[in-house]
Amino acid sequence: MGVITLRGVLKRLSNAKGAAAGKYTDLVLDEKAIARGDYKQHLGGGSEGWDARGRFQLELLRAGGLQTSSNLLDIGCGPLRAGVHFIRYLDAGHYYGFDYNPSFVSAGQRLIAENSLEEKRPTIVALANFELKTIDRIFDHAIAFSVLNHCNEAQRSMFFANIGRCLAPAAKLFISHANWLKEEDLGPARLAILRRFEAADLNLGQYGWPPEEQRSVCPIYELGRLPD
């Protein structure tokens, strides 16, 4: 597929009902750019903070109960900055990531091969919106790291209206950059706030966030799925 065609696809995705908005919508990377790792420059921290910021997400979820046997949904997984750490940690077949940007999905698939993680049988797909009807699995852990903060209110409403179909009873969902979150947002997904993390609660400097950026990462919410 040529760049022009792919750009047209991305434009249609960005205009689709519920498609995630933000600075990544029109980003298109060809195979050479992906091979060079150019995608790293489009995420906070760039190449220097790449590995550490990805490891932070794994450590956050492990502290929240993620086990190697857990089934994880990585919402807006991007080019697998955290995904490679999740895939390496989890049992085979227990990682499912989606992102609305096909270039990021292509980069993630390349990283899986480069890190010899194919035997872990991860799933990574391009998904245009939050209808989530194509996901036919149930997860006990999920994370949306710097995703919903790039969405508008209608898109967040769609997310909470539909994420429940993917979550097991008592599942945990972690959402970062969430100063917009209100308790009433959680009702449709039958979620409740378990913990709220502020920058002072987390050693973000150890994971590559300079002081001036740390407050934007928080609050991070650990949400729990109420039994049906």
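## Arginine 225

In this predicted model, a polar atom of the arginine 225 side chain lies 3.1 Å from the backbone oxygen of glycine 164. A polar contact is a pair of N or O atoms within 3.5 Å; within protein, one must be able to donate a hydrogen and the other to accept it, and residues adjacent in sequence count only if both atoms are side-chain atoms. Residues are numbered from 1 along each chain as its sequence is written, and side-chain values use heavy atoms, with hydrogens and water left out. Because the model is predicted, local features need pLDDT of at least 70 and side-chain atom pairs count only at pLDDT 80 or more, while totals for chains, interfaces and linings use all residues.

Arginine 225 belongs to strand 7. Helices (H or I, at least four residues) and strands (E, at least two) are DSSP runs, numbered from the N terminus. Arginine 225 counts as buried because its relative accessible area is 11%; buried means under 20%, exposed over 50%, and partly exposed in between (1.4 Å probe, protein chains only). Leaving aside residues up to four places away in sequence, arginine 225 touches several residues, among them Gly164, Leu167, Ala189 and Leu191. Contact here means heavy atoms within 4.5 Å.

The open sheet has 7 strands in the order 3-2-1-4-5-7-6, with mixed pairing. On average, neighbouring strands are turned by 15° against each other, direction ignored. Axes are lines fitted to C-alpha atoms, for helices over the stretch in contact, and angles run from 0 to 180 degrees between N-to-C directions.

Strand 5 (residues 167–175) and strand 7 (residues 220–225) run antiparallel and are joined by 4 bridges. Two strands pair if DSSP finds at least two bridges between them. Leucine 173 has leucine 223 of strand 7 as its bridge partner.

## Helix 5

The N-terminal end of helix 5 is capped by asparagine 101, with a side-chain oxygen 2.8 Å from the backbone nitrogen of serine 103. Buried residues of helix 5 include Phe104, Val105, Leu111 and Ile112. Helix 5 lies across strand 2 (95–99) and strand 3, at about 160° to strand 3. Serine 116, which follows helix 5, has a positive phi, near 55°.

## Helix 6

At the start of helix 6, a side-chain oxygen of asparagine 152 comes within 3.1 Å of the backbone nitrogen of alanine 154. Helix 6 (residues 153–162) has buried residues including Met158, Phe159 and Phe160. Strand 1 (72–75), strand 5 and strand 6 are included in what covers the buried residues of this helix.

## Leucine 204 and the cysteines

Leucine 204 sits in the loop between strand 6 and helix 7 (211–217). Is leucine 204 buried or exposed? Leucine 204 is buried, because its relative accessible area is 0%. Among the residues that leucine 204 touches, not counting those up to four places away in sequence, are Phe56, Trp209 and Cys218. Leucine 204 and alanine 52 are 152 residues apart in sequence, with their C-alpha atoms 9.7 Å apart in space.

Cysteine 218 is buried at 4% relative accessibility, and cysteine 166 is buried at 0%. The model has 0 disulfides, a disulfide being a pair of cysteine sulfur atoms within 2.5 Å.
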